[in-house]
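Trainee: I have a new structure to look at, and I would like to go through it slowly with you.

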Amino acid sequence: TLMQEAPDAIVVEALDAGGGGTTRVRVLLQPDTRFRIDKERLASLDGMVGQRAIVSVDWEDDDRGGQVLKATEVRFTRAKKK
């Protein structure tokens, strides 16, 4: 779930694979990060906070033993009409 956005990053609430809990993760946005809803391109993430998202990332180790996540794509799916 997309929790918040800033000009250069988003915070997402990610499901932990093992324990079933959630973790908040900060992901940097790049100038070439793509935003999509289904197959349609979005110009920005305006109005998408609180929506379920799939975030594709590249990562690298930082100098403190952690990782820096960089988004390559942030994708949303429209709710199906009933």
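Mentor: Let us begin with two terms: helices (H or I, at least four residues) and strands (E, at least two) are DSSP runs, numbered from the N terminus, and two strands pair if DSSP finds at least two bridges between them. This is a predicted model, in which local features need pLDDT of at least 70 and side-chain atom pairs count only at pLDDT 80 or more, while totals for chains, interfaces and linings use all residues. Residues are numbered from 1 along each chain as its sequence is written, and side-chain values use heavy atoms, with hydrogens and water left out.

Trainee: Which way do strand 1 and strand 2 run, parallel or antiparallel?

Mentor: Strand 1 (residues 2-5) and strand 2 (residues 9-15) run antiparallel and are joined by 3 bridges, with Glu5 standing opposite Ile10. They form a hairpin that has 3 residues between the two strands.

Trainee: And what joins strand 2 to strand 3?

Mentor: There are 7 bridges between strand 2 and strand 3 (residues 22-28), and this pair also runs antiparallel. Leu15 faces Thr22 across the pair, and the hairpin leaves 6 residues between the strands, with Gly20 in the turn at a positive phi of about 85 degrees.

Trainee: Where else is there a hairpin with a glycine of positive phi in the turn?

Mentor: Look at strand 6 and strand 7, where 5 residues lie between the strands and Gly65 in the turn has a positive phi of about 85 degrees. Strand 6 (residues 54-61) pairs with strand 7 in the antiparallel sense over 8 bridges, and Asp61 stands opposite Gln67.

Trainee: Which strands run parallel?

Mentor: Strand 4 and strand 7 run parallel, joined by 4 bridges, and Phe35 has Val74 in strand 7 as its bridge partner. Strand 4 also pairs with strand 5 in the antiparallel sense, over 2 bridges, where Arg36 stands opposite Arg41.

Trainee: What sits in the turn between strand 4 and strand 5?

Mentor: That hairpin has 2 residues between its strands, and Asp38 in the turn has a positive phi of about 55 degrees. Most residues other than glycine have a negative phi, whereas Asp38 has a positive value in a residue other than glycine.

Trainee: What about Leu2, buried or exposed?

Mentor: Leu2 counts as buried because its relative accessibility is 0%, and it is found in strand 1. Contact means heavy atoms within 4.5 Å, and, not counting residues up to four places away in sequence, Leu2 touches residues including Ile10, Val12, Met48 and Phe76.

Trainee: And Leu15, buried or exposed?

Mentor: Leu15 counts as exposed because its relative accessibility is 66%. Leu15 lies in strand 2 and touches Gly21 and Thr22, with residues up to four places away in sequence left out.

Trainee: Which residues have the most contacts inside the largest nonpolar core?

Mentor: They are Leu2, Ile10, Val27, Leu29, Leu45, Val74 and Phe76, in a core of 14 residues. Strand 2, strand 4 (34-37) and strand 7 (67-76) each supply at least two residues of this core, and strand 7 gives the most, with 4 residues. A nonpolar core is a set of buried Ala, Val, Leu, Ile, Met, Phe, Trp, Tyr and Cys residues joined through side-chain atoms within 4.5 Å. In soluble globular proteins, nonpolar side chains tend to be buried together.

Trainee: What does Phe76 touch?

Mentor: Its partners include Leu2, Ile37, Asp38, Leu45 and Met48, again not counting residues up to four places away in sequence.

Trainee: Last topic: how much of the protein chain is buried?

Mentor: Buried residues make up 23% of the 82 residues. Among contacts between residues at least 6 apart in sequence, 41% join residues at least 24 apart.

Notes: Buried < 20%, exposed > 50% of the residue type's maximum accessible area, 1.4 Å probe, protein only.
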